[in-house]
Amino acid sequence: FTATFPDGTQEVLLEVPRYDFGWQTSYEFLKPRVLPAGTRLDVQLWFENTPQRAAANGFSNEKAVRWGGPTTDEMDLGFLSFVYLDEEPAAATAATGAR
């Protein structure tokens, strides 16, 4: 997860070089991050389909990797939770009934 700030500078917010499906399911900051308006958040994910990784996880690296629910398929997702600190967007949403 990378933040690109309005001035163009970037900061890596989360990097997991050795992800373990058995225990790394979510991450939370110890202290919430405050990002300025106009910050863009990007997530980059990939599936490691090397013979070593395939053998360790009990699947074949000979098949095409497609989206799917089983752990042998590509199933990476990046979710973010956020709140507005400025009350104006929340008040405008409440007034219009938009969600």
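Tutor: Let's start with a term: contact means heavy atoms within 4.5 Å. Keep in mind that this is a predicted model, where local features need pLDDT of at least 70, side-chain atom pairs count only at pLDDT 80 or more, and totals for chains, interfaces and linings use all residues. Residues are numbered from 1 along each chain as its sequence is written, and side-chain values use heavy atoms, with hydrogens and water left out.

Student: Okay, which residues is Leu13 in contact with, leaving aside its neighbours within four places in sequence?

Tutor: Phe1, Thr2, Ala3, Phe29, Arg33 and Leu41 are in contact with Leu13. As for Phe1, its C-alpha atom is 5.4 Å from that of Leu13, although the two are 12 residues apart along the chain.

Student: Is Leu13 buried or exposed?

Tutor: Buried means under 20% relative accessible area, exposed means over 50%, and partly exposed is in between (1.4 Å probe, protein chains only). Leu13 has a relative accessible area of 19%, so Leu13 is buried. Across the protein chain, 11% of the 99 residues count as buried.

Student: What about Thr4: which strand is it in?

Tutor: Thr4 lies in strand 1 (residues 2-4), and Thr4 is buried because its relative accessible area is 11%. Leaving aside neighbours within four places in sequence, its contacts include Thr9, Gly38 and Asp42.

Student: Which side chain makes a polar contact with the side chain of Thr4?

Tutor: A polar contact is a pair of N or O atoms within 3.5 Å; within protein, one must be able to donate a hydrogen and the other to accept it, and residues adjacent in sequence count only if both atoms are side-chain atoms. For Thr4 the partner is the side chain of Gln10, at 3.1 Å.

Student: Now the charges. How many salt bridges does a search of the whole structure find?

Tutor: Side chains of opposite charge can pair when their charged atoms come close. The rule for a salt bridge is a side-chain nitrogen of Lys or Arg within 4 Å of a carboxyl oxygen of Asp or Glu. The search finds two. One of them joins the side chains of Glu11 and Arg33 (2.7 Å, N to O). Glu11 is in strand 2 and Arg33 in the loop between strand 2 and strand 3, so this pair ties together parts that are 22 residues apart in sequence. Glu11 is partly exposed at 27% relative accessibility, and Arg33 is partly exposed at 35%. The side chains of Arg40 and Asp42 also meet in a salt bridge (2.8 Å, N to O).

Student: And how many aromatic pairs are there?

Tutor: A pair of aromatic rings is described by the distance of the centres and the angle of the planes. Rings of Phe, Tyr and Trp (its six-membered ring) pair if their centres lie within 6.5 Å; planes under 30 degrees apart are stacked, over 60 edge-to-face, and the rest tilted. The count here is one aromatic pair: Phe82 and Tyr84 are edge-to-face, 6.0 Å centre to centre with 90° between the planes. Phe82 and Tyr84 are both exposed.

How values were computed
Helix = DSSP H or I, 4+ residues; strand = E, 2+ residues; numbered from the N terminus.
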